[in-house]
Amino acid sequence: MDRLPVDDDTWVLVLTGAGVSAESGIPTFRDAQGLWETHPVEKVASPEGFREDPMLVWRFYSQRRAGAARCVPNPGHDALVTLEKRLGQRFLLATQNVDGLHRRAGSERVVEMHGNLFKTRCSLCARAPFDDADVYAEGTVPACGECQARGQFAPLRPHIVWFGELLDPDDIGSINDFIRAGRSHKLLFLAVGTSGAVYPAAGLVNQVKAAGGSAWLVNRDPPENAAHFDRFFQGPSGVLLPQLIG
Ligand code: BV8
C-alpha cells in the first residue's frame, strides 16, 4: 500500500465527507439507505423548509444529534489526528461533516464547513451559536430566550449550513489562506469519504490543482469528481487511512 508522500516541505489539506464517519455508524447522505433517501432535502436542509415546517426540521436534526452522540470516532478519524500531530501548521482539515467526530478524536485544526449538529443559534437575532446537546421532543420548536425577553418570538435553528445558504466567510477564508500559503511548498489535497456532489466543497480539488498541488482520494466508490484526482484508493477509510498515513 502506498504511503502519503509527506516530507518537511509538504502541506496537506484534507477534505472529509460523510464516508469518513460511516464506519462509526453514522448514515451517509447519498448511499443506499442514506439520509436523502428517507428525508426530502429541500424540506429538512433548506431555509425554506425550516420556514415551512420547523418541527420537521428539528425532528430531523434532533434524531441526528442523538444518533451522533452515541457514535465514536473510528481509525480513520484517528489517522487524521496522527497526521495533524506530524505536520502541525502545515495541516488543515476541512470537513463537510456536522457530527463533531473529528474534534472528539482529537483533531484541532478543523474547519466545520457545514456547521455542527451540537450547536444551535437564533434564526432572527445575531446572538452567537451556542453549544446545545438537547434532543428536543417531537413537535417542539425551541424559542430564543433573548428575543422572547424583547417580546419577540423567534425559533432557534440548528447551526447548520443548509442548501442555498452561504458558508461562513471566515471558514472559506481559512481554507483559501492555507492553499495560498501551501502553493509555495509541496501542496497535497486528500479527499476522504465524499461523493463530490456539493459545492463549494467539491470544488476544492480544482482549487488545489490550480495552485499546483496534487490530489489524492480515499473513497468507497468513485465519486462524481474522480477525474480531478491524481491517485484514487478505493475502499473503507477506516482501513485505508491508517495504512496511507502510518
Ligand atoms: C452555496 C446540511 C451559494 C448539513 C449540506 C448547481 C451547481 C453547483 C452548485 C450548486 C448548484 N445549485 C446550487 C448549488 C449550490 C449547492 C450545491 O452544491 N448543490 C448541489 C447538490 C448541486 N450548494 C449550496 O447550496 C451551498 N451553499 O453554494 O451558497 C449558493 C447559493 C445558492 C445557489 C448557488 C450558490 C451549501 C452546501 C451545504 C449544504 N448542506 N447538508 C447536514 O445536514 O449535514 S450538504 C450535505 O452534503 C452534507 O453536509 C454532506 O456533508 C454533503 C456532501 O455529502 P458527502 O459528505 O459527500 O456525503 P455523501 O453521502 O454524498 O457521500 C458519501 C461518500 O462516502 C460516498 O461517495 C461513499 O462512496 C463514500 N463512503 C461511504 N462509506 C465509506 C465511504 N468512503 C470511505 N469509507 C467508507 N466507509
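In this predicted model, Asn97 touches Thr16, Gly17, Ala18, Val20, Ser21, His102 and Gly115, when residues up to four places away in sequence are not counted. Asn97 itself sits in the loop between strand 2 and helix 7, the latter spanning residues 101-105. Its relative accessibility is 6%, and because buried means under 20%, Asn97 counts as buried. Two of the residues that Asn97 touches, Gly17 and Ala18, also place backbone atoms by polar atoms of the Asn97 side chain, as the table sets out.

| Backbone atom | Partner | Distance |

At the start of helix 9, a side-chain oxygen of Asp168 comes to within 2.7 Å of the backbone nitrogen of Asp170.

Which residues of helix 9 are buried? They are Asp171, Ile175, Phe178, Ile179 and Gly182. These residues cover an arc of only 95 degrees around the axis, so they lie on the same side of helix 9. In general, an α-helix has 3.6 residues a turn, and therefore residues three or four places apart point the same way. On the other side of helix 9, by contrast, Pro169, Asp170 and Arg180 are exposed. The buried residues of helix 9 are covered by elements including strand 1 (10-16), strand 2 (91-95), strand 3 (110-112), strand 7 (186-192) and helix 10 (204-210).

How values were computed: Residues numbered from 1 in each chain as written. Predicted model: local features only at pLDDT ≥ 70, side-chain atom pairs only at ≥ 80, totals over all residues. Heavy atoms only, no water. Buried < 20%, exposed > 50% of the residue type's maximum accessible area, 1.4 Å probe, protein only. Helix = DSSP H or I, 4+ residues; strand = E, 2+ residues; numbered from the N terminus. Arc of directions from axis to C-beta. Contact = heavy atoms within 4.5 Å. Polar contact = N/O pair within 3.5 Å; in protein donor to acceptor, adjacent residues only side chain to side chain.
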